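Biologist: Can you put the model up? I have a few questions about it.

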Amino acid sequence: MVGESRSFRVFQVAMGLFLCVFTLAPVYVMLSSSLKPLADVQGAFTWWPKHLTFQAFSQIWTTVPLGLYFENSLIDCASSTVFAVIVAVLAAYGLSRYRFSGRSAFMRTVLATQMFPGVLFLLPLFLIFVNIDNSLGITLLYQTRFGLIVTFLTFNLPFAIWMLTRYFDAIPGELDESARVDGAGTMGTLLRVVVPVARPGIIAVAVYCFMASWSEILFASVMTDSSTTTLSIGLQSYASQSNVYWNQIMAATLVVSLPIVVIFLLVQRHLISGLTTGSIK
Amino acid sequence: MKLSKLAAAGAMAALAGASLIGCSSSSGSGSGASLAGTTITYWATNQGASLQADKTVLTPELNKFTKETGIKVNLQVIPWATDDTKILAATVSGKGPDVLNFGNTDAWTFGATGALLPWTSSQLSQIGGSGKFIPNVLAAAGQAPYTSLPLYSQAYGLFYNKAMFSKAGLTPPTTWQELVSDAKKLTNASTQSYGMAIQGASVSENMHFAYIFARQNGGSPFNAQNQPTFTTTGNVNGLEQYINLMSSGVINPSDAQDSTGTLQMSQFAHGKAGMMMIQNDAIPALASLGMSTSQYGVVPIPAPSPLPAGGQDLASFVAGTNIAIFKNTPHLDAAIKFVNFMTSAAEQQALDQKYQLLPVLSGASQGFISDPAIAQAFTSILNTKAQPLPLKANVEAYQQTVGSQLVTLIGKAATGSAVSTSAIQSAMQSAQAQMPAT
Amino acid sequence: MSHIDVVSRSAGKLTVTPPLPHRRAVRLKRMTPYLLILPAVVLELLVHIVPSVAGVFTSLFDLNQFYLRQWFDAPFVGVSNYSVALNFSSSVGDALVHSFLVTILYAVVVVAFSWFLGFSGALILQQAFKGRGILRTIFLIPYAMPIYAGVIVWDFMLQRDNGLINHVLVNDLHILGQPAFWLLGNDAFISTAVVAIWRMWPFAFLMSMAAMQSVPEDVYEAAALDGAGPWRRTYHVTLGMLRPVTAVLLLMMFLWTFNDFNTPFVLFGTAPPPSVDLISMHIYTNSFVNWNFGLGAAMSVLMLVFLMIVTGLWFLWDRRGQRNGW
């Protein structure tokens, strides 16, 4: 644990204050804008709303089907996160604990995918989905929720695999050994020993997967229709051809971010863990 | 770092996959038999104040259609932000809606992909023939064979604040010079009151004005061989005419950062700007900001007087939305029936009234915009002072290259740097160089 | 019990040597790592690799709106798209180089500050104190917000007349005499970078925090016993132990920021000021807006080559710190 000293204390307070202000300033603007009528939001800036009104908060549900979009985003992001974490944990375990030919090729190829801009493979991916659907004869991937989940989950895999491999690497092999000595197989060791110890890393990666899917715009815009539209693109619909409803955008953002923040609050406790000295013996 | 076998296998799979692309799905034409019970998918554009508003406007009309023909319509309202990408994806994959809308600026590009159905004369006769449309407006959809048809029309007008004008003792300008001098008289920087408001950072608006003012000055963005001619005198002078508005200080410099019209509209609605050049769909937006039609008037955007050599007294281009049928549709007959319904006089009247848009049909009544004077102004602009954008597949590229250069130039003017003619010329040279070769 | 494998350790990693007579067990064990990575391999091939390779192939064709429906009918132009992109004396090539340099600067600035803030944030929250959980949650808020909204509110704040930033700088703090244009000219670069940092630093914070939690207490105690103060402990212990995770974090953040499309798009649409002409937008306008997909793909490939070089260098740097090279 990094102990205390005067200069460190000062740093702690100063940095803490700066980060709070930097982080919360836009949040405050969102809050005050959501409480202003549209004309005021577009007018001169005031710290506190001149006319306090909650009308934006009721309008947001009708201007745009916000409830539907929210539900779609939640389902898509939660599903893709769960599956991404499962696939990544399995892969990371293999990469961390085993040496096999093709290992470094796999790691590097997976890393290389992070260098491709989305626009490059957006249309080919679309074509592949359509062709698969055509050859299977059913609409499995094209403009379906399933197709979007598969896409999201794969986008998050490279980072998840790399990070989890590193988190797993930090867990000493002795833990695995002691499990095997007790008779556990591969999956048993993974699930009973490695995963619990790597919990902060897994949670962090899960949060990343969820948030990355939550914010995805480019592929979501193409792969959804009006019933499967997600929040990230749905929010843009508060801008019509001739007018932008700023107060509603801010209100909608607050409304949809609030549950996420609450989840963060609950989850952040699990980001703590420690390799307690007792676990190895 | 060499590509692994994995990537090589991937390449082979890509080739195999790409060969499947060659199999295009055949377009089935609906049988002549009863169409009742079919469902067609319609991608409507966002014309109203919100997606929900569009649904509210269109659903009863679509129900009328279903009652008449038994054909159900699966309505999807596509926001403008994703419209292009979605149509692109539909084009590439061959899987799309049966009927769709898009802005008529894109009509030629989408038409050139071959994904849209070219109307044969027998198909046109099923909807009453192409003669039923206003010639100017139809011309914006191209030439026969048409791949899309006009659905809604819009035009630019010069909106002016009646109170501010009468207070300054001004009448609406009829020449460009008058516009500039009126704007100067209305500008009082100390009270943050300006003569004109623009969307300086909007790529599309800038392109529209680049076109209109180029034509006023005798220039044209493309020549007869469809090659870009952005650097000719007429084009450059036209741009200079527009940029000078910002340089002369009659526009709030902050407008250089406005890409959505928020600032522009709020300035005009709150009496902080005396004029704005904008399309008629600003009317409902102004209403939502508390400005009623009795508070402002509309006149055509004036041209310099006397007109420069080769110039035209153009006040607007023919803006609007077109309707088209996807070539691959398996429900061709049902789709044609739907287009017929949407372009019928009765439906046009109903929709134009609800959306406050201009009609596309010849001889349509003018009840669509509530204020008769404003309605008359727009009708005459559309019929007599508007021309289509260049009928070229590269209009979108033109919009991007010239529009974005203009954003930068206006930004320069706003921050106080002088924008010389040679600067405009070199900007246009850059834009021209970035046009895709044809 | 002859079916138990011999578990041995070499270089800290487990190797599993199964006893010979059990062939089936052998094959299964040797297959284990392959089975573990199989789902990832299938998904990556389907969604990432194959489409990207196909996309790369399109750079060899003059693929525009006329050929979108039948890609193989598009004329093969070989490296012509590349020579257009790389012709630095032409407008297109010149713009590409400029965009490229701007993007490198942008990525370096954003990643450096984001990491610094994230690491510092994790550092100051390492010790438990009352309200730590609240602070942790507050710090993650930008990350919780949808991109569009997060950027749009900054757009708001950066408005010249009605924005918070100018209001504070001019009216409240009197630092500036005149309201500045934050979304035009060179200042636009600073604005965009600040917005990107605002969005990215919580992510660096999250990852650093998770990694810091797995550093065992005794390492710090040992260092303290050796007489190291808090700053030195931070430098040697925390930074040192976090190096593997930090290395991946920095690389990924760099790649993502380099590819960042959403931030400039929401702030400026398709017409960013030249000082913020980021390469992802450049490629987007050439692909989707100008309908010149072949050229856009060629630019993507060039960008890809650059990023591969960067990653190659990263591997060299990373290997020095890792006992087991990749």
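Modeller: This is a predicted model. Both faces of strand β10(B) are covered.

Biologist: Which residues of β10(B) sit on one side and which on the other?

Modeller: Ala319(B), Thr321(B), Ile323(B) and Ile325(B) are on one side, while Gly320(B), Asn322(B) and Ala324(B) are on the other, and all are buried. In a regular strand, side chains alternate between the two faces of the sheet.

Biologist: How many residues of that strand are buried?

Modeller: 7 of the 7 residues in β10 of chain B, residues 319–325, so the strand is largely enclosed by the rest of the structure.

Biologist: What does β10(B) pair with, and in which sense, parallel or antiparallel?

Modeller: Strand β3 (residues 99–103) of chain B runs antiparallel to β10(B), with 5 bridges joining them. Strand β4 (residues 149–154) of chain B also pairs with β10(B) in the antiparallel sense, over 5 bridges.

Biologist: Which residue stands opposite Ile323(B)?

Modeller: Asn101(B). For Pro150(B), the bridge partner in β10(B) is Asn322(B).

Biologist: Changing topic. How many aromatic pairs over all chains?

Modeller: The count comes to 59. One of them is Trp201(C) with Phe205(C), a tilted pair at 5.8 Å centre to centre and 55° between the planes.

Biologist: Where do Trp201(C) and Phe205(C) lie?

Modeller: Both are in helix α7 (residues 187–213) of chain C, 4 residues apart, which is about one turn of the helix.

Biologist: Is Trp201(C) buried or exposed, and what about Phe205(C)?

Modeller: Trp201(C) counts as buried because its relative accessibility is 0%. Phe205(C) is buried too, with a relative accessible area of 0%.

Biologist: Which rings link into a cluster in chain B?

Modeller: Ring pairs link Tyr156(B), Trp176(B), Phe209(B), Phe213(B), Tyr242(B) and Phe317(B).

Biologist: What lies over the face of Phe315(C)?

Modeller: Arg108(A), at 5.1 Å from the ring centre. In chain B, Lys86(B) lies over the face of Trp43(B), at 6.0 Å from the ring centre.

Biologist: Now the surface. Which residues form the nonpolar patch in chain C?

Modeller: Met31(C), Tyr34(C), Leu35(C), Leu38(C) and Val42(C), with about 430 Å² of accessible area together.

Biologist: Where is Leu35(C)?

Modeller: In helix α1 of chain C, which covers residues 23–57.

Biologist: Why does Leu35(C) count as partly exposed?

Modeller: Because its relative accessibility is 45%, and partly exposed is the class between buried, under 20%, and exposed, over 50%.

Methods. Residues are numbered from 1 along each chain as its sequence is written. Chains are lettered from A and ligands numbered from 1 in the order in which they are written. This is a predicted model: local features need pLDDT of at least 70, side-chain atom pairs count only at pLDDT 80 or more; totals for chains, interfaces and linings use all residues. Side-chain values use heavy atoms; hydrogens and water are left out. Patches are made of residues with over 30% relative accessible area and no salt bridge: like charges are joined within 9 Å, nonpolar side chains (Val, Leu, Ile, Met, Phe, Trp, Tyr) within 5 Å. Accessible areas come from the Shrake-Rupley method with a 1.4 Å probe; for residues, only the protein chains shown count as cover. A salt bridge is a side-chain nitrogen of Lys or Arg within 4 Å of a carboxyl oxygen of Asp or Glu. Helices (H or I, at least four residues) and strands (E, at least two) are DSSP runs, numbered from the N terminus. Buried means under 20% relative accessible area, exposed over 50%, partly exposed in between (1.4 Å probe, protein chains only). Rings of Phe, Tyr and Trp (its six-membered ring) pair if their centres lie within 6.5 Å; planes under 30 degrees apart count as stacked, over 60 as edge-to-face and the rest as tilted. A charge sits over a ring if NZ of Lys or CZ of Arg is within 6 Å of the ring centre and within 35 degrees of the ring normal. Two strands pair if DSSP finds at least two bridges between them.
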